[in-house]
Amino acid sequence: MLDRTELREIASMEGGYFVSLYLNVDPMFNPKGDYMVHFKNMMKNTVDSLDRAVYKAVKDDLEKVDNYVISNKRIFRKGLALISSTAKSFWKEYNINVPVKNELIVDKTPYTKPLMDILDNYQRYAVLLVDKESARIFAVHLGEIVEYGEVHTPAVPGKHKKGGWFALSQNHYERHIDFHIGMHLKDVVEKVDSFLSGEYIGRLIIGGSDEAVSMVKGMLHKTVLDKVIGTARVEMFAKSDEVLRRVEPIVSAYEKKKEEETVESLIAKALKNENAVLGLDDVISALQEQRVMKLVFVKDYKANGYNCSTCGYLSVQKIDSCPFCKGKMDAVDYMVDLAGQKAVQQSALIEVVSESKKLLDAGGIGAFLRF
Ligand SMILES: [Zn+2]
C-alpha cells in the first residue's frame, strides 16, 4: 500500500541514478493488451536518448525493470510503478488499483509524484478497532488494508469494578468510568488523532463492541468525529482480511454517495457551461484539446467510433483519414476505453461510476475540464 512517510523517504534519496517506470496496465484501458507496446516504445526511446555514461550507469536497472514487466503480468492490477537504483541497492514495486500515466524517467532522484498524487486524490480510510485494553489502527486504500499499529494498556488485576466494562450509569457516568479504561481510551484517541493528521487521512471507521464504540466516540474531538463515516462490530483479534471485509460495505456506501454527488455536480456544471461537458462527442474534443481534469463514465457504457491508426486521434463521426496526420481511421467498438487511456495519459483523474441512470440519460460519459 502507498504510504506517505515511505514515499517522502524515497523522494529524498539521492546519489547515483534512479529508473522510475509508470505503466498503465488497466485492462479497461488496454483493450488489446497494448501496454506492452507502450512499454517497449518507452524503453527504446529512453535508451536512444540517454547519454552513454548514464546508460552504462542504469543498464542493469533497465534490465531489471524489463524483466519485471515481462514476468509479472499475472499480478498486475491497474497501475504499475517501479523504482530501481542498483547503485543504491534500491528496488520498489507498486501494483496499484488505479491506472497511471505511462512514463519512464531516468534521473538522479526517484520520481514519486504520481504516487503522491494518488494519495491525494483517492480517499483513504482509517479503521480503529477498540476494546477496554487494546486498540488497533488500520489504513484502507484502493481495496487494500494495512495494519499500522496498536495501543495496549493491560489491566491491573483486582482493580476492575464489576458490571459492564465501562460501568456506565446514566447519571454519574464520568465518575464511574473505570480509571484504567479511561486512561486507555485517552491514549487511543490521541494515537488516532495523530495518525489521521500525520497521514492526511480524511475518513474513519470505528469497530468494536457497541459499548466500546460509543465510549470512544464520546471522547473524540469534534474534528475527528466529523471524519467518522460508520461503525462496525468487529472482533478485536480479527485478521486484517476479516477487518477489511467488515468495513467494505461502509466504504462502498460512502463512495456510492460520493459518486452520486460527482454525477450531480457534473451535470449541473455542464448545463451551466462551467468547465464541464457531457456526451462522448464533447468529451473527445476536450481530450483532444488536453482540457480534461477528470473523466467520469458509467461502467457499462460502450460506444463505437474511429481511431487513427497512426497518431491515435479519436472521432465519433465517420471520417476516412485523420485530420492531423492523414493516417487511416479504423472503426472501433471500444471508444470509451480509448478515451480513458487518453485521459490517463494526460494525468486526468478517472471516475468509473458503477451505475447511474442520471449519467446514462445525460450521455453516459462526461468530464470536468481544467479550463
Ligand atoms: Zn492521425
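Let's start with one pair of residues. Cys308 has Met329 as its bridge partner in E14. Before going on, a reminder: this is a predicted model.

Now the strand around that cysteine. Cys308 belongs to E12, residues 305-308. Is E12 covered on one face or on both? Both faces are covered. Gly305 and Asn307 are buried on one side. Tyr306 and Cys308 are buried on the other.

Next, the partners of E12. With E14, E12 pairs antiparallel over 4 bridges. With E13, E12 also pairs antiparallel, over 2 bridges. Asn307 has Leu314 of E13 as its bridge partner. The hairpin of E12 and E13 has 5 residues between the strands. There, Gly312 takes a positive phi near 85°.

E13 is 314-315 and E14 is 329-332, and the loop between them holds Lys326. Lys326 is not a glycine, yet its phi is positive, about 65°. As a rule, most residues other than glycine have a negative phi.

H9 covers residues 240-271, which is 32 residues. From first C-alpha to last, H9 reaches 45 Å. That is close to the 46 Å expected at 1.5 Å a residue. Where is the kink in H9? At Val247, shortly before the proline Pro249, and about 40° in size. Val247 is also buried. Look at the spacing. An α-helix has 3.6 residues a turn, so residues three or four places apart point the same way.

After H9 comes Asn273, with a positive phi near 60°. Asn273 sits in the loop between H9 and strand E10, which is 276-278. Asn273 is exposed, with 8 other C-beta atoms within 10 Å.

That brings us to E10 and its sheet. How many strands does this sheet have? It has 4, it is open, the order is E10-E16-E11-E15, and the pairing is mixed. E10 and E15, the latter 349-353, are the edge strands, each pairing on one side only. From one strand to the next, the twist averages 15°.

Inside this sheet, E11 is residues 292-298 and E16 is residues 365-369. They pair in the antiparallel sense over 5 bridges. Leu295 stands opposite Ala367 in E16. What lies across E10, E11 and E16? Helix H10, residues 280-288. H10 runs at about 40° to E16.

Last part: the region earlier in the chain. E2 is residues 79-85 and E3 is residues 90-96. They run antiparallel, joined by 7 bridges. Leu80 has Asn95 in E3 as its bridge partner. The hairpin of E2 and E3 has 4 residues between the strands. Ser89 takes a positive phi near 50° in that hairpin.

H3 covers residues 52-71, which is 20 residues. H3 reaches 28 Å from first C-alpha to last, close to the 28 Å expected at 1.5 Å a residue. Even so, there is a bend of about 55° at Val58. Val58 is one of the buried residues of H3, along with Asp61, Val65 and Val69. What do these buried residues pack against? Strand E1 (18-24), helix H2 (35-49), E2 and strand E4 (103-107).

The bend at Val58 in H3. The kink at Val247 in H9, shortly before Pro249. And strand E12, covered on both faces. That's it from me.

Definitions and conventions. Residues are numbered from 1 along each chain as its sequence is written. This is a predicted model: local features need pLDDT of at least 70, side-chain atom pairs count only at pLDDT 80 or more; totals for chains, interfaces and linings use all residues. The expected span of a helix is 1.5 Å times one less than its number of residues. The bend at a residue is the angle between axes fitted to the seven residues ending there and the seven starting there. A residue is buried if 20 or more other C-beta atoms lie within 10 Å of its own, exposed if 12 or fewer, and partly exposed in between; C-beta atoms are placed from the backbone. Two strands pair if DSSP finds at least two bridges between them. Two residues are in contact if their C-beta atoms, placed from the backbone, lie within 7 Å. Axes are lines fitted to C-alpha atoms, for helices over the stretch in contact, and angles run from 0 to 180 degrees between N-to-C directions.
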